[in-house]
Amino acid sequence: MALQEATSAAEPAARAQRFRFSEEPGPGEPGAVLEVRIPQVLHFQYGMYIWPCAVVLAQYIWFQRRNLPGKAVLEIGAGVSLPGIVAAKCGAEVILSDSSELPHCLEICQQSCWMNNLPNIQITGITWGEISPELLALPALDIILASDVFFEPEDFEDILTTVYYLLQRNPHVQLWTTYQVRSAECSLEALLYKWELQCIHIPLESFGADKEHLAESALPGRHTVEMMIISLAKNVL
């Protein structure tokens with residue numbers, strides 16, 4: 001489960017939230033616990049806030065934590081970087097990325113690292129739909145994380161252009177993504193088919209993400225959040 005507690009940050013316009021991920025204790029053994037702190041800044045950019053999808057994805061990462069040590073993980077559209085920070089705390093080698101055109105989002109990635117004593121995480125600017133030197137310089141990857149990046153329909157094609165390029169370079173990579181359905185008119189599945197990608201849907205209850213206290217929202221309630229694993233069509237089992 002994930003719990004969050006609001007605390008004051010150094011700057012008056014910022015808040016820090018503490019998230020606590022835990023497992024049920026076994027017979028005679030305490031359950032594992034992980035706490036992370038994530039900044040939230042009053043800013044017009046979407047990436048400055050923690051959205052329900054980020055907590056659902058972070059919960060899935062926590063659920064998969066025993067498979068993460070040593071894995072090369074890239075978070076795209078990271079913003080406050082909750083999923084990437086959790087992955088790093090679970091032993092993954094993480095790179096955080098956000099648009100090179102949004103320096104404030106890259107700064108908040110850095111702030112998240114400092115808050116969690118992760119000063120050596122690489123942060124890079126990657127703009128969706130562009131084959132940039134930063135994109136070309138990425139190392140081999142095992143997992144890509146994306147929390148609620150499918151937000152504006154006009155961005156979907158650019159996001160999938162970047163994702164498809166990364167999957168072509170790393171054919172066995174999986175994209176772990178959470179997606180909040182906001183309109184029945186926007187079909188992500190149709191775009192995945194166009195890009196020769198497939199996905200499997202992971203039920204929220206299978207990894208403890210169907211609890212109302214996640215992100216202080218009424219999940220699943222009126223929030224339609226889906227957890228998906230996307231990969232090249234031939235690699236989807």
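**Exercise 1.** Which residues of α2 are buried?

*Solution.* The model is predicted, so local features need pLDDT of at least 70 and side-chain atom pairs count only at pLDDT 80 or more, while totals for chains, interfaces and linings use all residues. Residues are numbered from 1 along each chain as its sequence is written, and side-chain values use heavy atoms, with hydrogens and water left out. Take buried as under 20% relative accessible area with a 1.4 Å probe, protein chains only, and helices as DSSP runs of H or I of at least four residues, strands as E runs of at least two, numbered from the N terminus. The buried residues of α2 are then Leu-82, Pro-83, Gly-84, Ile-85, Val-86, Ala-87 and Ala-88. Because seven of the eight residues of α2 (residues 82-89) are buried, this helix is largely enclosed by the rest of the structure. Just after α2, Gly-91 has a positive phi of about 105 degrees.

**Exercise 2.** Determine the strand order of the open sheet and its edges.

*Solution.* Strands pair if DSSP finds at least two bridges between them. The seven strands follow the order β6-β5-β4-β7-β8-β10-β9, with mixed pairing. At the edges, β6 (122-125) and β9 (197-202) each pair on one side only. Inside the sheet, β4 (residues 72-76) and β7 (residues 143-147) pair in the parallel sense over four bridges, and Leu-74 has Ile-144 in β7 as its bridge partner.

Technical notes. Buried < 20%, exposed > 50% of the residue type's maximum accessible area, 1.4 Å probe, protein only.
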